[in-house]
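I opened this model to look up its cores, its ring pairs and its metal sites. My entries follow in that order.

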Amino acid sequence: MNQLPPRLATLTESLDSLNVDAFLVTDEINVRYLSGFTGDSSYLLVTPDSATVLSDGRYETQLASQCKELACIIRPPAQLLSDLTQSVLNDLGRKRIGIESDHFSLSSFRRLSKVCPELHFVETSGVVERQRMIKDDGEIATTRAAVRIAERAFQSVLPVLTSTWSEIEIAHELESKMRMLGAEGCSFPPIVGAGPAGALPHYHPGENKLGDATTLLIDWGANYQGYASDLTRTLHRENASDAFRRAYDAVLEAQLAAIDAIRPGAAACEVDAVARGVLDKAGLGEAFKHGLGHGTGLQIHESPRMSSISEEKLASGMIITVEPGVYFEGDFGIRIEDDVLVTETGHEVLSSLAKGLEESRFIL
Ligand code: ZN
Ligand code: ZN
């Protein structure tokens, strides 16, 4: 067997401490991260010196180009993936098999235990996800591109808005622009909330028209080559209330202070506390109803979670969002979100869209 690619080599180094001599990767995203294979319905079986993709005939050609360095076993149409897995495991000559208990169903686990009576299955949690927290240079470059696409799409949509545009039309336009700029699509369904709709943190854009609104919250991101960007801007019109303006300045101050606290070794909960402290002081603590942010990568929400109950410490190579927000039912919501890379000496904000109060206007 040739030497394993770096991500797989890193995983094999943890097999001893997990007390397993093989590891069955069943989560599609983790399979992709470790093998480069972008298809579905496939598992990856890793031993200290080998990695084998278990897949089916639909993916034979794709695997030959995406996983040149890995062994592949293709099941015939009449064989289930679970049956192939069972036979490969029984022939493997390894006794202790790690499984991803966060992603393997209880019924699959029971079945596999029954048909492989000689083997011992060890439940593991978050093994590959912890590895995924630290991005390599390629992942950082891809995320930068995902951020850039989202920003360009936003900048091209803003000037064409008129009072008859609805939230859903803005969402569609953003997606269309991001695709034209090279994205595979949105990294999540965009949130576009005009006026009071902005007060619903996970609102689905609807028919509200811009002409009826004085504030506009847009949370969007691009999926570029599998990697997500995630940004939020809250815009206002000339006639926005003083309450909105005061709250906006406080949210921005909270966001900038939290970003400033990002460095290797900082506790995620402490960075969350910095933002919460600023908003508490402004009398808005109660209105900040969610955690500060989250990691991004192959998924829009990854570890580390940036919240008051997070036990993670930040490390160089993590990419996290910083997105404090305040929400006032029936009135308005404000959230400002940027994507931040933790560097060896501190941090780098990957996004660069203007966010000062006066720069954050929408003009119809
Ligand atoms: Zn977001
Ligand atoms: Zn986010």
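I took a nonpolar core as a set of buried Ala, Val, Leu, Ile, Met, Phe, Trp, Tyr and Cys residues joined through side-chain atoms within 4.5 Å. Buried is under 20% relative accessible area, exposed is over 50%, and partly exposed is in between (1.4 Å probe, protein chains only). The model is predicted, so I kept in mind that local features need pLDDT of at least 70 and side-chain atom pairs pLDDT 80 or more, while totals for chains, interfaces and linings use all residues. Side-chain values use heavy atoms without hydrogens or water, residues count from 1 along each chain as its sequence is written, and chains are lettered from A and ligands numbered from 1 in the order written.

**Cores**

I looked up the largest nonpolar core, which has 35 residues. Those with the most contacts inside it include Ile262, Leu292 and Ile334. For elements I used DSSP runs numbered from the N terminus: helices (H or I, at least four residues) and strands (E, at least two). Helices H10 (242–260) and H11 (268–281) each give two or more residues to this core, and so do strands S15 (319–322), S17 (332–335) and S18 (338–342). H10 gives the largest share, nine residues.

**Rings**

I paired rings of Phe, Tyr and Trp (its six-membered ring) with centres within 6.5 Å; planes under 30 degrees apart are stacked, over 60 edge-to-face, and the rest tilted. The whole structure holds six aromatic pairs. Phe154 and Trp220 are stacked, because their centres are 4.5 Å apart and their planes at 15°. Phe154 sits in helix H8 (residues 137–157) and Trp220 in strand S9 (residues 215–220), 66 residues apart. Both Phe154 and Trp220 are buried.

Phe328 and Phe332 make a tilted pair, at 5.2 Å centre to centre and 55° between the planes. Phe328 is partly exposed at 27% relative accessible area, whereas Phe332 is buried at 3%. Ring pairs join Phe328 and Phe332 with Phe244 and Tyr248 in a cluster.

**Zinc sites**

I counted as donors N, O and S atoms within 2.8 Å of the metal (3.2 Å for Na, K and Ca); water is not among the atoms, so sites may look incomplete. Asp230 (OD), His294 (NE2), Glu323 (OE) and Glu337 (OE) coordinate the zinc ion (ligand 2) at 2.0 to 2.2 Å. Four donors are tetrahedral if all angles lie between 85 and 135 degrees; four are square planar and six octahedral if opposite donors are over 155 degrees apart and all others between 65 and 115; anything else is irregular. The angles at ligand 2 run from 78 to 152°, so this arrangement is irregular.

Asp230 is in the loop between S11 and S12 and Glu337 in the loop between S17 and S18, so the pair ties together parts 107 residues apart in sequence. I found both Asp230 and Glu337 buried.
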